[in-house]
Amino acid sequence: MNRVVTALLVLVVTASVAPAPVAGGVAAAGSTDTATTRQASEYAGTYVSFDAGERAVTDYAVRGEEMLDSVRVASERSVENGSLADLDAGLSAVTEIEGAGLDFSATSRTEATVAAETGATLTAHDNPRGLFVVAGSDESNQSNRSSQQSNRSNQSNYVVADLAAGANATADGDSRVEVTTENGTEATFLVVGAGEATVTDEGDVTARLGEGGLLVFRAYPDGKDDRDEKQEALIAEGTATAEAYVMVENTTTVVDTVSYGANTTVETTETAVGEVTVAVSRTTDEGTILLTSVSERALAAADLEVAVDGEAAAEARTYTQLKSALGSDRSRYVVERTIDAGKASASADASADVLIAVNRFSERTVSIASASASEPTTGSKEATGGEETTGGETTTDTGDSGTNETTTDAGERAEESGGETATATVVDDETGNGAGVPGFTASAALLALVAAAMLARLR
């Protein structure tokens, strides 16, 4: 009889143990890198992929479509001393450069940075617009180098971007180039700060970046409209100096931040149910506009509210009203819906752009929240595994560590239209796991009753 009892107990215990989570699919707790770096020179994220060779970034693709065949940077001195460009003929004659040596220096959840020997950096942002930013070197980055290296690095940086096969480019002034791929996808090169850009004699794109200048590449896989043109203008003229992309990958809220210029920094400080908070700092007291793209899966765009340092911002009706907030007594914001929820593709969630004019600086906290969102439960930040910030980018893990988590009140759940949840404080009822004993399912309970009945008969 003891053997029978032992066997029944083993059966019950085995049935009660929940299966171990399978690796892959959802980021584990504490993970800071959903993008896959298959090799030291190869990057593949949710939206962006590319290779980094010894002297060029190649095969830059956004949502699986190749946009740029290669991107190379070189110092002004090396271009002048070389025989591949005729500088007297103008910038458009710079059609080919050898390219400075590159080093794949760092990756985070939403960024991959390649450093050039000239002091320039090439950073890919893994967001729906596939932002690619080439930053020319500046004197502040050369303080620990010899004077000879510093003088060389402070020369202008040249950038030559060869477009993907079948793409064409058109210059729009001396700081913007419009690109259309063979498939009809639109993109734009913008120069921010010191520099200029144009179309080369071979139909590609070349730029010269002065100290602190940036070359920004923005792709529009879902189409481009007048609102995108206005945002580009705000970036190019230096009125909008930072961006934030609030996304949801699986059940994880991810925020990618981009700064346009050394005098502005932005980083995520907190994410909660229906709310994201970012800290924006500037070395000047002048106001600026923060561009944000918010996924419907993260925040409901229909009833967004914006606060600066805890004070509600006023909603503006026009760009003129928005820009008038700079230097005024109150910050303002505009909400622009970008993709209709009923038409969003699998690779492009319904989203909205929120333009926030922060009236003054130096350090401000900006919060974007869904007005109808429930308050998060006490300790929800600890339940998510905390926040991790790397290179100005923050992610919040949502309970993918193998243990389901629940709120104190079932009524506090915030479920998305697709059936997925945006924070760790929400439980997926379809798992069938109870909130009492982890892994003790209905099947285990039935086996326990059968075992008890058999034991009673044996007695």
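Two strands are taken to pair if DSSP finds at least two bridges between them. Strands (E, at least two residues) and helices (H or I, at least four) are themselves DSSP runs, numbered from the N terminus. In the predicted model described here, local features need pLDDT of at least 70 and side-chain atom pairs count only at pLDDT 80 or more, whereas totals for chains, interfaces and linings use all residues. Residues are numbered from 1 along each chain as its sequence is written, and side-chain values use heavy atoms, with hydrogens and water left out.

An antiparallel pairing over 5 bridges joins strand 14 (residues 195-199) to strand 15 (residues 205-209). Within this pairing, Val-199 has Val-205 of strand 15 as its bridge partner. The two strands form a hairpin with 5 residues between them, and Gly-203 in the turn has a positive phi of about 90°.

The chain as a whole contains 7 helices and 29 strands. Of its 459 residues, 46% count as buried, where buried means under 20% relative accessible area, exposed over 50%, and partly exposed in between (1.4 Å probe, protein chains only). Contact means heavy atoms within 4.5 Å; among contacts with a separation of 6 or more, 62% involve residues 24 or more positions apart. The predictor's confidence in each residue is given by pLDDT, from 0 to 100. Its mean over the chain is 74, and 64% of the residues reach 70 or more. Over residues 1-39 the pLDDT stays under 50, and the model has 58 contacts beyond four places in sequence for this stretch. Residues 139-154 also have pLDDT below 50, with 16 contacts beyond near neighbours in sequence.

Strands of a sheet pair through backbone hydrogen bonds, either parallel or antiparallel. An open sheet of 5 strands, with antiparallel pairing, has the order 19-20-27-22-23. Strand 19 (264-272) and strand 23 (311-312) stand at the edges, each with a single partner strand, so one side of each has no neighbour in the sheet. Strand 20 (residues 275-282) and strand 27 (residues 363-370) run antiparallel and are joined by 7 bridges; here Glu-275 has Ala-369 of strand 27 as its bridge partner.

Two residues illustrate different surroundings. Asn-127 lies in the loop between strand 8 (121-125) and strand 9 (132-135), and counts as buried because its relative accessibility is 0%. Apart from neighbours within four places in sequence, Asn-127 is in contact with Tyr-47, Tyr-245, Met-247 and Asp-256. Asp-162, in strand 10 (residues 157-163), counts as partly exposed because its relative accessibility is 22%. The C-alpha atoms of Asp-162 and Leu-68 are separated by 6.0 Å, although these residues are 94 residues apart along the chain.

Aromatic rings of Phe, Tyr and Trp (its six-membered ring) pair if their centres lie within 6.5 Å; planes under 30 degrees apart count as stacked, over 60 as edge-to-face and the rest as tilted. By this rule the count comes to 6 aromatic pairs. Tyr-43 and Phe-50 form a stacked pair, 5.4 Å centre to centre and with 25° between the planes. Phe-50 and Tyr-60 are likewise stacked, because their ring centres are 6.1 Å apart and their planes are at 25°. Phe-50 belongs to strand 3 (residues 48-52) and Tyr-60 to strand 4 (residues 57-62), and both residues are buried. Ring pairs link Tyr-43, Phe-50, Tyr-60, Phe-104, Phe-132, Phe-189 and Phe-217 into a cluster.
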